[in-house]
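Me: I would like to learn how to read a model like this one, feature by feature. Can we go through it together?

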Amino acid sequence: MVLLTRKIEFAASHVYHNPNLSSEENRRIFGKCNNPHGHGHNYTLEVTVEGEPDPVTGMVLDLKELKEILEREVMQRMDHRHLNYEVAELAGQIPTCENIARVIWQLLEPKITQGRLHRVRLYESPDLFADCYRNGAGVAGKS
Amino acid sequence: MSNAPKIELGRRYRFSASHRLHSPHLSEEENCRVFGKCNNPYGHGHNYVLEVSMAGDVDPATGMIANLADLDAFVERQVLEELDHKSLNQDVPAFREKVPTTENLCIEIYRRLKSFPKAKLERIRVQETGNNSFEYAGDN
C-alpha cells in the first residue's frame, strides 16, 4: 500500500461559544477564543489517500482529481468564510480543529473513490492540529 | 462502513537541552566509534520539537478532545519544566543509566505523559533536528 498526501491552505474565521453555557463558563472554557467578534486562522489541510498504484498509470489516484475534490468540497465551502455562520456542516458545533477535521473527513470520504481516504490532518497553527483516521484502522507506524 | 472517523488532537511544544551520547559499557574507542561527535566530552545541545497526539471522544459541549489549557499545563509540568534548558545526562534521573538518545528520550517523555487524565496518549514524536525525528506509541 502507498500513501499519498496533498496539502492545501485556507483562511477562515471562527468563534468558540456554547449558547447552553453561561458567559462566565464560556469565558473560562474557551478563553480568548470566546471573544464575541471572533478571530481567524490560516488553516493547513493535509489529505492522505491510501492505495495500490495503478499498473498502467503508476498512480494511486490522479492528483488533479484530488485537487478538484479539495477545491469543491473544502475551499469553496470554507476559504474566506466564517465557520460558525457560513458552513452548514458545522452548524450547532463548536468549530474546533477536531470538529472541522471530522467534517472535512466526512465530506471527502465518500468522494474519494480511487484509493481510499487514510488520514485528514488539519493544522490551525503550526503547533496545533487534529488528525482523523478511519475508525478501527491501524494508524501509520502502529498497525 | 461507518463514516465516523477516529479523531486525535495534536500539539507541538519546544524545548532546548544538552546531551552527550556515551555508554559506560563501552571503551573510549568504542564510544567514539559508535557515537562519533555526539560523544564529545562536554556534550552539545538541540532545539527539540515535541509533538503529542491525544485520542478521545470529542465533547459535544466544547468541541474538544481535551482543553488545550489543561494539556499545556500538564506537558509543562511533566516535561518542559524538567527538560527545558537542562542537561539530559546530569539533570534527568532517567539518563543517569541510559544513553540520552532521542529514542530513549521518546520513551521517557511518553512515560511522563501517559497519565494525562483527560484523554488517551496515542503517540509522541520528537524532532531532534529538522532532519531527525523519532516516534513512540508505547509497546502494545
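Me: Start with the contact between the chains. How many residues does it take from chain B, and how many from chain A?

Reply: Bear in mind that this is a predicted model. In general, the size of an interface is often given as the accessible area lost when the parts come together. Here we count residues instead. Chain B puts in 23 residues, and chain A puts in 27 residues.

Me: Which element gives the most to the side of chain B that touches chain A?

Reply: Strand β1 of chain B, residues 6–19, with seven residues. Sort that side of chain B by class and you get 10 nonpolar, seven polar and six charged residues.

Me: Which strand of chain A pairs with β1(B), and in what sense?

Reply: For strands, ask for the partner, the sense and the number of bridges. Strand β5 of chain A, residues 128–133, pairs with β1(B) in the antiparallel sense, over six bridges.

Me: Where else does chain B touch chain A? Take Ala61(B): which residues does Ala61(B) touch?

Reply: Set aside residues up to four places away in sequence. Ala61(B) then touches Asn18(A) and Asn20(A). Ala61(B) sits in the loop between β2 (44–55) and α2 (68–83) of chain B.

Me: Why does Ala61(B) count as exposed?

Reply: Count C-beta neighbours. Ala61(B) counts as exposed because 12 of them lie inside 10 Å, and exposed means 12 or fewer. Compare Glu103(B), in helix α4 (residues 102–113) of chain B. Glu103(B) has 15 such neighbours, so Glu103(B) counts as partly exposed.

Me: How far apart are Glu103(B) and Arg125(B), in sequence and in space?

Reply: Keep the two scales separate. In sequence, they are 22 residues apart; in space, C-alpha to C-alpha, they are 9.8 Å apart.

Me: Which strands of chain B pair over five bridges?

Reply: Strand β4 (residues 120–129) and strand β5 (residues 132–136) of chain B, in the antiparallel sense. A hairpin of two residues joins β4(B) to β5(B). Within this pair, Val126(B) has Phe134(B) in β5(B) as its bridge partner.

Me: Now the fold of chain A. What pattern does chain A follow along the sequence?

Reply: List the elements, then their order. Chain A has four helices and five strands. They run β-α-β-α-β-α-α-β-β. The C-alpha trace of chain A spans about 60 × 30 × 25 Å along its principal axes. Of its 143 residues, 32% count as buried. Take the contacts in chain A between residues at least 6 apart in sequence: 67% join residues at least 24 apart.

Me: Which residues have the most contacts inside the largest nonpolar core?

Reply: Ala101(A), Ile104(A) and Leu122(A), in a core of 53 residues. Helix α4 of chain A, residues 97–108, gives the most to this core, with seven residues. A second, separate core has five residues, among them Val15(A), Ile29(A), Phe30(A) and Ile94(A).

Me: What is Ala101(A) in contact with, leaving aside neighbours within four places in sequence?

Reply: Val120(A), Leu122(A), Ala130(A), Cys132(A) and, from chain B, Ile7(B).

Me: Where in chain A is the pLDDT below 50?

Reply: Read the mean, then the exceptions. Chain A has a mean pLDDT of 93, and 94% of its residues reach 70 or more. Residues 138–143 of chain A fall below 50, and that stretch has six contacts in the model beyond near neighbours in sequence. Where pLDDT is low, the predicted coordinates should not be read in detail.

Methods:
Residues numbered from 1 in each chain as written. Chains lettered and ligands numbered in written order. Predicted model: local features only at pLDDT ≥ 70, side-chain atom pairs only at ≥ 80, totals over all residues. Buried ≥ 20, exposed ≤ 12 C-beta atoms within 10 Å, placed from the backbone. Contact = placed C-beta atoms within 7 Å. Nonpolar A, V, L, I, M, F, W, Y, C, P; charged D, E, K, R; others polar. Pairing = 2+ DSSP bridges. pLDDT = per-residue confidence, 0-100. Core = buried A, V, L, I, M, F, W, Y, C linked by C-beta atoms within 7 Å.
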